[in-house]
Amino acid sequence: PTTATTRGGRSSPSGTQSRSGAVGDQLLRESSALKEISAIASSVCKDLDGVIERCDTFGDHSIGDVSVLREICTVTQKVRDDLVQNEEDKLAAESSVLPPEKPYDDPVLARARKIAALTNKLCEELVSTSCTFGDATRDSIESESLREISAVTRQVCESMRDLQGESWAEGVLRASPTNADGSGEELPSGMAGESRDAGEEEEDQMAVERTGSVSPKSPSYVPPNLAANLASIKGLPDLEELLAHTEACDGFSQKDISRMQTAFQRFKIPDSSDLHTGDVCSLLQYLGHVMTKEEGVMPLVKEVTSYDYLDFDEFIGFMENYIPYERQQVRLVFDRFDDDGSGGISLAELRPLLIELGFIPLHAMIAEALRVVDGNGNGDLDFDEFIVFLAVYRRAEGFAHKECLELRRLFDFFSRDGDSPGELLPADQLSDALVQMFGLHVSEFTEKLEEQLKSGTGLQASSYAVGGGSKPESLSFAEFLIFARKTREEALARLQGDHPELAGGNSNFSNADSDGNGMICEKELRSMLRKKGYTPLQQNLDEIYMEVDKDDNRQLDFNEFFDFMLTFQQREGFAKAHVEEMRKVFDRHDVDKTGEISALELADLFRELGYRQSMDEIHIYVAQVDENNSGQLDFREYLRLMRLFREQELRQISALFDEHVDPKTGRLPKRKVVLAMGGLESEPPQALIDKHNCSANGMEFGPFVALVDACRADRVTKERKKAGFTDERIEELRALFDRFDKDHGGEIDTLELLGILQVFGWEPKSREEQQALMKKLDTARQRAREAGVAETGPDGSATIKFWTFVQLSRMLETEHQHAEEERMQKLMAKIKFSQKEVEQFREIFLAKKQEYAEEAAEEGKEVPEGNANGLPRDAVRKLIKSLGVAIIGDKKPKLDEELTMLGCPEDGLLDFLGFLELMHWLMASGWLS
């Protein structure tokens, strides 16, 4: 039978036949058609999103514009292939499963096929256009053409998304208990369902005629778009069940009870089965409810118990009364914000309404939920739609789809070593997981949450709920989302505390900063960011403004300001693309995939980025940001380190810019650009200067920073032959090489090489090590060739040239550092020093080493040759004396004997590991406390 479909997705009979439970050929054709549309729409959307992104960036940065066009060409060809493949799959399915006669069709399916045809045509145009673009890619006409392509592509994407959300698809599939292939497997969540009787369909049809959409009064109503978006995220609460009890409570499902029981356990008195009534409001907040003031809640509590405690059964009785109470109170607030009495609220009224109910109104989640809930698309929500909106918001604890995906990834990663990987997160992993999501600025709060959970004492706040702790419990993903919400709420509260003059006590600005308009302008925002230690670059600010500034006027109210700061701090002030690139670099150097990198891996990473830091400096950096004292850096710690390093770099760049800037224009005159760059020991090519907006009027600070970055990248490419060594170190290696190059022929033989290696303590000590060294020589030659060195000598040669020697030095130094790291780990286990104690001793050691080098320079003494990574005996003795130890009597020979045992003869050096062992010996001997 043919069917008339409603926007709400239910089918009503238009013929004399009625649907039966059996699946006929016609229904199979319908399901096959839906699968075809869904596959086309999903594929096209995914690929065209990439087209939009690439088109929108065209003209902003001219570097790589030609490659951008080629990429567009590749992407669009892929779209065409997808469409062709979908058509072939459809024909194959029809020939093998479906009868050829009477193919299913209706206006919506015709619309889908038309969109597919238009998309194919669009892709052909994209391929043709992008392939014919010339090298003059900065031409304004070509830029405009690409922006037209972007606009058309957006329209196609919107049509595709609308098509995916068409509720007629839900109606067809609700009547089918099986897939089109007859396999009997369940259809995607949010699409399959029970068929409804004619009376219900007539009622829904009348609702459509009155309002243009199905009113979500029925508890079984599930907005299809959000279900399609979030159903794939494992562990999220079921949206239908959240909606089932929004109007009245006729009992709870087992999932409801399980969720409430888990929360109840968090707040009950330890070693008891009761909850103190003073913790009921906190428990409600934990569950995401909004009406939690004591004056409204406590009378309901007194209806189920006259005591100060209630057990879980009594709590369930309380919740049966609370649900309708909450809906009633929400209705009162809704009506109060419905200023014109229209029975609906606009988007402008929605944000303050959410604030009044205690939600954080972040732009991304509001937009995402509105796309789903606003059925008639008029921009207003009636009360029933608003109730669904709240359920959508609460389902993911206020997090947008992309945020949920990232939280799920973190949950799976940090639960991998627990008892139930992917199912339960151990309590001792909570802080690290939340810090990875929000950044190091929340670490103090998340550590307190973790300690509270690990102690087993629960989350209760009442002074009566005191008892001994039980064993720590693990968290499900749904609970992990709750703790993520609490972390974001704490970040908001902290921001309000930092800016009480702006927050207005709760949410709105009561006092503006300088202009009194109750909004944050860009100048005020920059000032606040500088106070927090950031140097805000214009392009990074512009990117976040586009994400959070709903009015696009660069004026932020307090909640937009919070949204801005949260995003800015999550990215540590970097651009989104820059953070993503740093993640790729980090993952590439995280060889063992533990989610952390060591100091040695960080050193390699820095060299890849063009930074030349010594291992001593690397260890200092790690100690600065190693929040969990693991001796390694996770990605958030690495991101914070890069911010600290970036700020140090920006201060240097800013000082040079200010030194040469024209005070009248605030720009760096074109003639002074090269002069300013000289202070950074860099001379940019004229081509780079022209590409970074250096006009006749000069250059602003942002483009000047971009020029410095481009020069560093250019230098990295050109100076790969230096293997990450500083110019000073290269000079040291050259002097040593020339000293052993007796005939000054520019190369040394293997015997001379062994003499050099002896200076560093790297000489091979066995036949196997000598053979390994010869293999390393060939590897060093290959690396020198890859770095652009023309003359390296043939592989297997008995001689070695200087730049090959440099590559070999890097390889041997890295090996030596790895060996030192292994020694360090063994030593720490032996002497039982914590990572924090080791880093404190390192500070003492490095300070004394620096002091010794300065004293030697003043006295004209020569610092011992080699790595200079240790202290001579006289410096060690001075250090021990500075700690309050008098080296008199028999102490001096005992100290000398110990230093000799630690590998530091009278004319030698004590390295850091030896220094740690010495400190341990001094404490074990009673010389030091």
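This is a predicted model: local features need pLDDT of at least 70, side-chain atom pairs count only at pLDDT 80 or more; totals for chains, interfaces and linings use all residues.
Figure 1. Of the chain's 929 residues, 48% are classed as buried. The accessible surface amounts to about 45,500 Å², and carbon and sulfur atoms account for 49% of that area. The chain holds 38 helices and 12 strands. For contacts between residues at least 6 apart in sequence, 65% link residues at least 24 apart.

**Figure 2. Packing of helix H32 against helix H33.** Helix H32 covers residues 750–760, and helix H33 covers residues 767–786. Their axes lie 13 Å apart and form an angle of about 100°. Because angles of 65 to 115 degrees count as roughly perpendicular, H32 and H33 are described as roughly perpendicular to each other. On the H32 side, the contact is made by Thr-750, Leu-753, Leu-754 and Leu-757. H33 contributes Leu-773, Met-774 and Leu-777. By class, six residues in this contact of H32 with H33 are nonpolar and one is polar, with no charged residues.

Figure 3. Leaving aside residues up to four places away in sequence, Arg-720 touches Glu-786, Ala-787 and Gln-807.

**Figure 4. Arg-720 and Gly-610.** These two residues are separated by 110 residues in sequence. In space, the C-alpha to C-alpha distance between Arg-720 and Gly-610 is 9.1 Å.

Methods. Residues are numbered from 1 along each chain as its sequence is written. Side-chain values use heavy atoms; hydrogens and water are left out. Helices (H or I, at least four residues) and strands (E, at least two) are DSSP runs, numbered from the N terminus. Buried means under 20% relative accessible area, exposed over 50%, partly exposed in between (1.4 Å probe, protein chains only). Contact means heavy atoms within 4.5 Å. Accessible areas come from the Shrake-Rupley method with a 1.4 Å probe; for residues, only the protein chains shown count as cover. Axes are lines fitted to C-alpha atoms, for helices over the stretch in contact, and angles run from 0 to 180 degrees between N-to-C directions. Angles under 35 degrees count as roughly parallel, over 145 as roughly antiparallel, 65 to 115 as roughly perpendicular and the rest as oblique. Ala, Val, Leu, Ile, Met, Phe, Trp, Tyr, Cys and Pro count as nonpolar, Asp, Glu, Lys and Arg as charged, and the others, Gly among them, as polar.
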